[in-house]
Amino acid sequence: MSEALVQLQRVTVQFDDRPVVDQVTLQASRGDIITIIGPNGAGKTTLIKTILGIQKASQGRVSLAPGLTIGYVPQHLTLEATLPLSVRRFMLLSGQSLTDCRAALKRTGVDHLLDASVHHLSGGEKQRLLLARALARKPDLLVLDEPAQGVDINGQAALYELIRELRDELHCAVIMISHDLHLVMAATDKVICLNQHVCCSGYPADISHDPAFIETFGHQVAESLAVYHHRHNHSHDLHGDVVDTKGTQGACNHEHH
Ligand SMILES: Nc1ncnc2c1ncn2[C@@H]1O[C@H](COP(=O)(O)OP(=O)(O)OP(=O)(O)O)[C@@H](O)[C@H]1O
């Protein structure tokens with residue numbers, strides 16, 4: 001059996017006696033990509049904060065493998081607007097060496113921005129910078145809170161593809177929150193549908209038929225996902241351009257059923 005890096009057992013988080021996360025049990029092992037989906041206010045961010053140790057569980061148990069290194073990609077990069085800060089300095093603040101920082105920036109496709117100001121980066125570049133900062137730690141577990149925010153649709157597909165590649169390279173586990181249901185269904189291994197409690201969980205193709213999923217997201221969403229089998233016969237680069245299997249650029253050709 002593969003090594004469990006994180007285990008949550010009946011974890012509940014309450015704010016003013018209101019359960020925001022209700023008796024959630026989950027486990028992530030090396031190689032897993034687990035995506036948490038759910039409506040606004042469902043407790044998704046609170047749940048990952050509990051895994052990170054930023055939020056204390058009111059009840060239940062959070063167990064992390066000893067010596068676990070976590071790389072965290074927050075929803076937004078929040079910075080003091082008046083503080084001049086280059087990408088280089090931002091990365092070095094993580095405490096990693098310049099060599100590791102540059103390698104991580106190269107891997108996420110933004111090493112050319114080393115001397116740029118973080119304040120001037122586009123939404124997509126900021127997300128890749130945050131991913132590089134998490135990556136420089138060589139994490140066993142990568143936790144991402146809506147990593148594709150501010151990224152256009154082609155860029156989103158490229159970002160999810162990159163996350164899959166990083167999972168393979170680092171042999172880490174990935175837990176992420178996403179609202180992009182179609183991309184989640186195409187790019188993830190396991191989905192947890194959260195609405196305070198775990199409504200349903202499993203493989204993407206299966207959960208779209210689950211009555212609890214249909215109740216949470218409605219028939220229209222469930223039907224559109226149930227018929228959505230996405231076969232990729234090519235990949236995208238980080239800018240969303242299509243690259244075929246031989247590495248040359250070509251036309252986008254997805255097959256849907
Ligand atoms: N520190 C806090 N104190 C009190 N209430 C909080 C706190 N943090 C979050 N909440 C509440 O908990 C609920 C869940 O919030 P959370 O951010 O986890 O939801 P979410 O599923 O990530 O939502 P979204 O998809 O909108 O980002 C919300 O009603 C929020 O107002």
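How many helices and strands does the secondary structure of the chain come to?

## Overall composition

The model is predicted. Its chain comes to eight helices and 13 strands. There are 257 residues in the chain, and 37% of them count as buried.

Contacts can also be sorted by how far apart the partners lie along the sequence. Among contacts in the chain with a separation of 6 or more, 65% are made by residues 24 or more positions apart.

## Domains and their contact

Two domains divide the chain: domain 1 covers 4–69 + 139–255, and domain 2 covers 80–138. In the contact between them, 14 residues come from domain 1 and ten residues from domain 2.

Which helix gives the largest share of the side of domain 1 that touches domain 2? That share, five residues, belongs to helix H5, which spans residues 153–170. By class, this side of domain 1 has ten nonpolar and four polar residues, with no charged ones.

## The three-stranded sheet

Three strands form an open sheet in the order E2-E1-E4, and their pairing is antiparallel. Strands E2 (18–29) and E4 (59–64) are at the edges; each has a single partner strand, so one side of each is left without a neighbour in the sheet. From one strand to the next, the twist averages 15°.

Strand E1, made of residues 4–15, is joined to E2 by eight bridges in the antiparallel sense. For Gln7, the bridge partner in E2 is Gln27.

Helix H1, residues 44–52, lies across E1, E2 and E4. The helix runs at about 55° to E2.

## Ligand surroundings

Which residues are found around the ligand? They are Phe15, Val20, Gly38, Asn40, Gly41, Ala42, Gly43, Lys44, Thr45 and Thr46.

How does the shell divide by class? Six of its residues are polar, three are nonpolar and one is charged. Lys44 is the charged residue in the list, while Phe15, Val20 and Ala42 are the nonpolar ones.

## Summary

The chain is divided into domain 1 and domain 2, and the side of domain 1 that touches domain 2 has no charged residues. The shell around the ligand, by contrast, has one charged residue.

Methods. Residues numbered from 1 in each chain as written. Predicted model: local features only at pLDDT ≥ 70, side-chain atom pairs only at ≥ 80, totals over all residues. Pairing = 2+ DSSP bridges. Helix = DSSP H or I, 4+ residues; strand = E, 2+ residues; numbered from the N terminus. Axes fitted to C-alpha atoms, helices over the stretch in contact; angles between N-to-C directions. Contact = placed C-beta atoms within 7 Å. Near = placed C-beta within 6 Å. Buried ≥ 20, exposed ≤ 12 C-beta atoms within 10 Å, placed from the backbone. Domains from an automatic or database assignment.
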